[in-house]
There are 2 protein chains.
Amino acid sequence: MLKWLGVNKKKQKEDEIFDSVRSGLQSMYKQRLLPLERDFKANQFYAPLLTDGDFASKPMVMLLGQYSTGKTTFIKHFLEREYPGLRIGPEPTTDRFIAVMDGAHDQVIPGNAAVVDPTKAFSQLSNFGNNFLARFEVSVMPSPALKGITLIDTPGVLSGNKQTSRGYDFEGVIKWFGDQSDLILLIFDAHKLDISDEFRRCIQALRGNDTKIRILLNKADMVNTQQLMRVYGALMWSLGKVIPTPEVARVYIGSFWDQPLQNDENRKLFEAEANDLYTDIQLLPRNAAVRKLNDFIKRARLAKTHCYLLSYLRKQMPSVFGKQQKQKQLIQNLDGVYRALAQEHSLPLGDFPPIQLVQDKLAQFDFSKLPKLDHKRIELLDEMLSHQIPNLMKLIPAEERQTEEALPE
Amino acid sequence: MLKWLGVNKKKQKEDEIFDSVRSGLQSMYKQRLLPLERDFKANQFYAPLLTDGDFASKPMVMLLGQYSTGKTTFIKHFLEREYPGLRIGPEPTTDRFIAVMDGAHDQVIPGNAAVVDPTKAFSQLSNFGNNFLARFEVSVMPSPALKGITLIDTPGVLSGNKQTSRGYDFEGVIKWFGDQSDLILLIFDAHKLDISDEFRRCIQALRGNDTKIRILLNKADMVNTQQLMRVYGALMWSLGKVIPTPEVARVYIGSFWDQPLQNDENRKLFEAEANDLYTDIQLLPRNAAVRKLNDFIKRARLAKTHCYLLSYLRKQMPSVFGKQQKQKQLIQNLDGVYRALAQEHSLPLGDFPPIQLVQDKLAQFDFSKLPKLDHKRIELLDEMLSHQIPNLMKLIPAEERQTEEALPE
Ligand SMILES: Nc1ncnc2c1ncn2[C@@H]1O[C@H](COP(=O)(O)OP(=O)(O)OP(=O)(O)O)[C@@H](O)[C@H]1O
Ligand SMILES: Nc1ncnc2c1ncn2[C@@H]1O[C@H](COP(=O)(O)OP(=O)(O)OP(=O)(O)O)[C@@H](O)[C@H]1O
Ligand SMILES: [Mg+2]
Ligand SMILES: [Mg+2]
């Protein structure tokens, strides 16, 4: 896969775009958004404050599948070398979650060390406990293929009821990585199709991330064409029952390693499919940049209404007596408050947070302790939304399918 | 498709097997089973009494699909000629249900006439009313391909919300034909995949007949291989959601008419798929014979327990007073009655009808009016089960996949 990366200037540009957007957002966040979010306790209402680690992370691609479907082999093929700590074999081999990332030299960072590293986005993983951290590591290596993305190798799901307890919340971990990922590759073995109950539960744990899911039907050269059709049909039939969306997940059919095809009747198809997959992965940084921008704008607009809302509530509070009574009254009439504020500051009602959520949070919140809202700070936020962000956006050229450049060799 | 039928002696033998089993069952039924069922009112408890029409029917194959997917063209290709009344076109053309059957000469029998013909199995269709009967006909023609089966062509399902009311219970009719059929072919157009809401409802109306369903992905040569994969995947994804069984319906991929392939990359696959389909259709009479035998045995064993049961209940009744009281008591204790009878006559408990159903029916049944059970008649039934039926069964040779003989040309 690196063969075409080498000559591919565009790929490099894509990675740079992502990097510029990422660092641009990071400095805007620190200067204009974070201070407001912190002072008005937005993190007590919505998402946690963002750390450097959150900005450090590259788009992630998680590989998921039953054991021995070829997840680790795919990564080796994709990188054109083994990552530090890699193990491949016909029995269940990979026994941990491994984040494969770009870095200056080969290194394996154990889980406990990885989650305290502020330049990496794994700190939340410490919530899964020591049993999990013993089964997590970061594998660092220099690779052009990792300039724009991070790969997550995972332990194979066992078949049938063979499952022994893993000692940690496997589906929870899958869900966490799924939430962070930009692409989730479910890998199946055409030669030995199997969707165990645990794997079904893993897929269900990915609910909400359905649009990130892609299917990889691997080892497709190991069966004849009619058998391949039966397996492929059976796979889609079953997945359609597990994944609730009417939109069909994209499937890439082929054999994703560096060995010659066993049955090459479908060589043309496999090559076209691999080409599509690599192109889609190549476009990830750009798409991730667009998504990050989008999320950032949503976050900034929410923060703005939040500040107006809380500073308004604060102003309404009596200075001495009847605080509790007044607070109760304000919370009950939040609906009216929203409409008044929307009109006063020309805010779209759609930017306001869900009433129910805010009511619940406010009930245990003392808003007399908040600072005054400095309107200068809101102006700076507005300026960011109307100028800085559009400038960042200009860095991302309109999408064009880069089929020519992406062709292998 | 007839090309290989012509040289195929085995096909002829298959059809003869079905015919012998059919007529054998018919005469056994009339002589030994029907009189018992009639005298002990089995039809008031379970299925209706069988008529000559029920025995006359050949295995049926129903074709179902959106309009213009190629249902009528498939039939023409299969028969290697047009059936009387056939219409093919790119707009919705077939506007009625057409049973295409073997006969001495070409003839179209309108619906109203067809349902009163006792030699045909369509009498129950009169329940769907005149609006339907105006949209039903039987098309008769001499054809070796129809010696063993009857084909049901159907009006194409319209897409989207274009549905105008048909004036009769379309899904009800589909369900009826589905119940009678031995094979249900759902035809899809690879070039224009569409599963409208009405078609979804039709598929749902086939619930209970899921194992009869096969999928035909037609016009597969009109798209390139990658597109075909996407369409096929999307089809299975959607069908998996509509058809509740975990078993995957068999799909036959190809172009089922006599024109040359537009894109022949997958010629080998299409030929193998067509071959499988024709072989499966060819095996229908044999499988239908096995099924009919099986149903018949079940029916006979049920009739036997039924007669024992009702004659026992009759004997328990007081001759003059307290009839109602006694009847109630017997019904309540049916469980005990089952066990007593099972022991006395060495009947397997599994042969007895569901208690709840029998209790419901008995509540409005006057069993003092039943005849005495003549044990000679049960002996004749036993003799039928232990000798006549095994003899019929010997007519059906063990199944062997007839791939060689079935190859086209
Ligand atoms: N495309 C392929 N075609 C045929 N065999 C393959 C292919 N890819 C991998 N294999 C073989 O399948 C086996 C399992 O490979 P690998 O260890 O990469 O799978 P895995 O999904 O990472 O398994 P685990 O879940 O146990 O880590 C190995 O023997 C490997 O050589
Ligand atoms: N295998 C095929 N490949 C390409 N075109 C086909 C194929 N089979 C049929 N067609 C074309 O598709 C159109 C519809 O065919 P046909 O009338 O047989 O469909 P139908 O399913 O019976 O439609 P309706 O539901 O309206 O009766 C016709 O123009 C026919 O020539
Ligand atoms: Mg592995
Ligand atoms: Mg038609």
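## Magnesium sites

In this predicted model, A:T72 and A:T94 are both buried, a term that stands for under 20% relative accessible area, with exposed meaning over 50% and partly exposed in between (1.4 Å probe, protein chains only). These two threonines are the protein donors of the magnesium ion (ligand 3), each through its OG1 atom, at 1.9 to 2.0 Å from the ion. Because A:T72 lies in helix 5 (residues 71–79) of chain A and A:T94 in the loop between helix 5 and strand 2 (97–102), the pair ties together parts that are 22 residues apart in sequence. Donors are N, O and S atoms within 2.8 Å of the metal (3.2 Å for Na, K and Ca), and water is not among the atoms, so sites may look incomplete.

B:T72 is buried at 6% relative accessibility, and B:T94 is buried with a relative accessible area of 14%.

## Basis of the model

Residues are numbered from 1 along each chain as its sequence is written, while chains are lettered from A and ligands numbered from 1 in the order in which they are written. Because the model is predicted, local features need pLDDT of at least 70 and side-chain atom pairs count only at pLDDT 80 or more, whereas totals for chains, interfaces and linings use all residues; side-chain values use heavy atoms, with hydrogens and water left out.

## Chain A as a whole

Chain A contains 17 helices and eight strands, where helices (H or I, at least four residues) and strands (E, at least two) are DSSP runs numbered from the N terminus. Its C-alpha atoms fill a box of roughly 80 × 50 × 40 Å along the principal axes, and buried residues account for 53% of the 409 residues. Of the contacts (heavy atoms within 4.5 Å) between residues at least 6 apart in sequence, 82% join residues at least 24 apart.

## Relation of the two chains

Chain B is superposed on chain A by a rotation of 180 degrees with 0.2 Å of shift along the axis, giving an RMSD of 0.2 Å. The two copies are thus related as by a two-fold rotation axis, the superposition being by least squares on the C-alpha atoms of residues with pLDDT of at least 70 in both. Since 100% of the interface residues of chain B are also interface residues in chain A, the copies meet through the same surface.

## Two glutamines of chain A

A:Q316 lies in helix 12 (residues 284–316) and is partly exposed, with a relative accessible area of 30%. Leaving aside neighbours within four places in sequence, A:Q316 is in contact with A:K326 and A:L330.

A:Q327 belongs to helix 13 (residues 323–332) and counts as buried at 12% relative accessibility. Not counting residues up to four places away in sequence, A:Q327 touches A:M317, A:L362, A:F365 and A:F367.

## Positive phi values

Most residues other than glycine have a negative phi. A:K41, in the loop between helix 2 (9–39) and helix 3 (42–45) of chain A, has a positive phi near 55 degrees and is partly exposed, with a relative accessible area of 34%. A:E80, in the loop between helix 5 and strand 2 of chain A, has a positive phi near 60 degrees and is partly exposed at 41% relative accessibility.
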